[in-house]
Amino acid sequence: MSFTNDSLDPQHLPTLADARLAPVSARLAPCQAVLRALHWLFLTALAAALPFLHEDFAAWQPWPALGIAALGTVAIALGWWEARRRAYGLRQHDVIYRRGLLVQRTQVLPLARLQHIETLSNPVERAFGLVRLVCFTAGGRGADMVLEGMTAAQARAIRQHLLAHLESTASERIESDLP
Amino acid sequence: MSEALRPTRKNEQKQPGWQRLSPWAVLLLLLSGGVTLVRQHLPLVLGAGAGLTMLERLGLRELALGGATLLGLAMLCSLLYYRRFRYRCDGDVLIVQKGLLEHREFKVAARHVQSIVTHQPVYMRPFGLVLWEVETQAGEASRIALPGIRRECAEALERELRSSTDLAPSLQGQRNATPSEDRASARRAAPHFTLNGKAIVLHGLASRSIFVIAAMLSPFVRPLERWVHDVLPQLDLAAWQPASPWVTIALGILLVVATLSVLAILAAWWRFHGYELFDEGDRQVQRSGLVHRQEQTLSLSRLQVVEWVQTGLGRLLGRGYLVCHQYGSSGGDAAESRRFLVPGLTEAQHEWLTVRFWPGYAAGQPLQRVDSSYRRVLLLRHVLLSTGAAVLVEVLAPGQLSLLAWGGLAGGLLLLSSALAQWRWIATGWAKENSYLRIRRGILGQRTGVFPLQHLISLRVQQSWLQRRRGVATLHLELANGRQTLPYLNAKEAHRLADALLFSAENAQLA
């Protein structure tokens, strides 16, 4: 294995702010809306079905359900908006995923830390043709990065890229182990 | 890396080199299992009176018969466990086969071992046995124990695993491992750090043991209360009792605190008596224990984060302890006690030892504070929480407080909130020192983590809309021992630090 040690200019290191991010699939917004709608419908039904034990409050029975339904509508709208703003990026040595509307979170996972990848999808995601890529690292206690809103083709391409990187790292390790 | 596989018994039974646990281990396993069972269920049985109820319901003879049957079953299971348990070293791989109903085989490659621990409880000493544990980079879940092998066998096993890793110096990072013979002689040399009696006492007072002991003793409060209620009136203690009830209460609290402090000191003595730390080149070895002797080996090439911990009382006493984190270490006080821990250190000793663990590290730089908007945000959070609590009090007990009392309470809470926000803001700090990052957090008790930039696992830059307006960002760093957070950094500074961390982590892999 050849060893290189080129000088680097600290002022011109690749920066996270300059990383090019691509939006996730546009189908993520309706998919998230359906999932959230199911969740809030359940809560609304629960609120509507639970009777008030006190007679004085019986007239107010529909209001909690209506309140939860209104809250759910706002949550679905915000979720839709948030899903449209999600983005991901692949660089030579790391993966980037940005999410959040009011609170924006940009997560970066160096590929050197990657141990294995999982592909997951629930029935609603499958109906929209979406999958999730879950990345695990060494020493992590769970999923370290979840890339949501990938189309099957995108997920396949990213998975191939990550696996190729994992294999090349593994072969380099084996070479370095040899006397 | 450990993995569970179904063994191909026909082939492997013919292979030589398989070793078994000591026959005494069966008896000792049974004893230690019984003691653990009793210890875990004693508060329940005594506290709730379930033991007496069961005794009255079943009868003494039936209970004894049931106990004898259970004991017989346990002995049978232990014998089967002993028969199935075997291990051997195949080159640089430790193979362990065990399992009562499900047969399992574990393989641990020497290059993946990050720590080795040898325990010698008092009941194993007369037989010359030890409990030997090995942990890989997968963390505590991967821990494999050989419960009851001869000390010589344990030492030979450790030597064999070490000699295997010595053959692969590239895996040991930049530090050169000394050969086994040299290290063996180094071990016989004087330790480079020991604990004296004063340090153990101060560690006992300054550690969190006092709270742990209080929590452990809490099930006994009710029986003690009943006993005091029944017995105390019969004793003539009026002559001893102070006239003022406040003095009595103060003395009672003092007695409880003093008892807990003595117990905490005894616990520290139990674990850290005769503490010695040896430098073996690439490894640090510590031995301690009054009755239950323990030897822990820390591979420096596997060390991820060194954390300097000081409780509030510890800061007053000028003492703290170092926790060395490796891969897969979960958080919490219970998990922390299983880590490689150097107790009873002064500030100067901690700095000296940190440099021994991280060669090239120099903590000369003062810590930088985060943006002052963090203090305002903390104040706002505290005020909102206090207001919520005050509203709750008013709802639950309306009209109990006068307007003046409400005013005093609001003023007091505002003052307390401001003080807490100020303390937390002052305590939160960070410094980038060459290729290391130092982060401090806490209010009364403080934790300062030091780690090389290249040990970053992943990071997250977070900005709320308020933070975007203020031009600040919060940096969450995922490390082997959990998350370190740098809140409200200047956004440009946060991005610069994130870039430097990513560059170090990614470049270290390529080098």
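How many helices and how many strands are there in chain A? Chain A holds four helices and seven strands, where helices (H or I, at least four residues) and strands (E, at least two) are DSSP runs numbered from the N terminus. Along the sequence, these elements follow the pattern β-α-α-β-β-β-β-α-β-β-α.

The structure is a predicted model, in which local features need pLDDT of at least 70 and side-chain atom pairs count only at pLDDT 80 or more, while totals for chains, interfaces and linings use all residues. Residues are numbered from 1 along each chain as its sequence is written, and chains are lettered from A and ligands numbered from 1 in the order in which they are written.

**The two chains**

The table sets out both chains, with two terms to be read as follows. A residue is buried if 20 or more other C-beta atoms lie within 10 Å of its own, exposed if 12 or fewer, and partly exposed in between, with C-beta atoms placed from the backbone. Two residues are in contact if their C-beta atoms, placed in that way, lie within 7 Å.

| Chain | Residues counted as buried | Contacts between residues at least 6 apart in sequence that join residues at least 24 apart |
|---|---|---|
| Chain A | 22% of 179 residues | 56% of such contacts in chain A |
| Chain B | 30% of 511 residues | 61% of such contacts in chain B |

Chain B has 17 helices and 21 strands.

**Sheet and helix in chain B**

An open sheet of seven strands in chain B has the order β14-β13-β12-β18-β17-β16-β15, with antiparallel pairing; two strands pair if DSSP finds at least two bridges between them. Its edge strands, each pairing on one side only, are β14 and β15 (368-369) of chain B. Strands β13(B) and β14(B) are joined in the antiparallel sense over four bridges, and C324(B) stands opposite F340(B) in β14(B).

Helix α7(B) lies across β13 and β14 of chain B and runs at about 105° to β14(B), the axes being lines fitted to C-alpha atoms, for helices over the stretch in contact, with angles from 0 to 180 degrees between N-to-C directions. This helix covers residues 197-206 of chain B, and its buried residues are I200(B), L202(B), H203(B), G204(B), L205(B) and A206(B). Besides β13 (320-325) and β14 (340-345), the buried residues of α7(B) pack against α8 (209-217), α10 (245-272) and α11 (312-317) of chain B.

**Nonpolar cores**

A nonpolar core is a set of buried Ala, Val, Leu, Ile, Met, Phe, Trp, Tyr and Cys residues joined through C-beta atoms within 7 Å. The largest one has 75 residues, and L322(B), L456(B), L475(B), L489(B), A498(B) and L501(B) are those with the most contacts inside it. Helix α17 (residues 491-510) of chain B gives this core its largest share, six residues. A second, separate core of 24 residues includes V108(B), A110(B), L131(B) and A154(B).

V108(B) is also the bridge partner, in β4(B), of L94(B). Strands β3 (residues 93-98) and β4 (residues 104-109) of chain B pair in the antiparallel sense over six bridges, and in their hairpin, with five residues between the strands, G99(B) takes a positive phi near 125°.

**A loop residue in contact with chain A**

S464(B) lies in the loop between β19 (458-463) and α16 (465-470) of chain B. S464(B) counts as partly exposed because 17 other C-beta atoms lie within 10 Å. Leaving aside neighbours within four places in sequence, S464(B) is in contact with L102(A) and V103(A).
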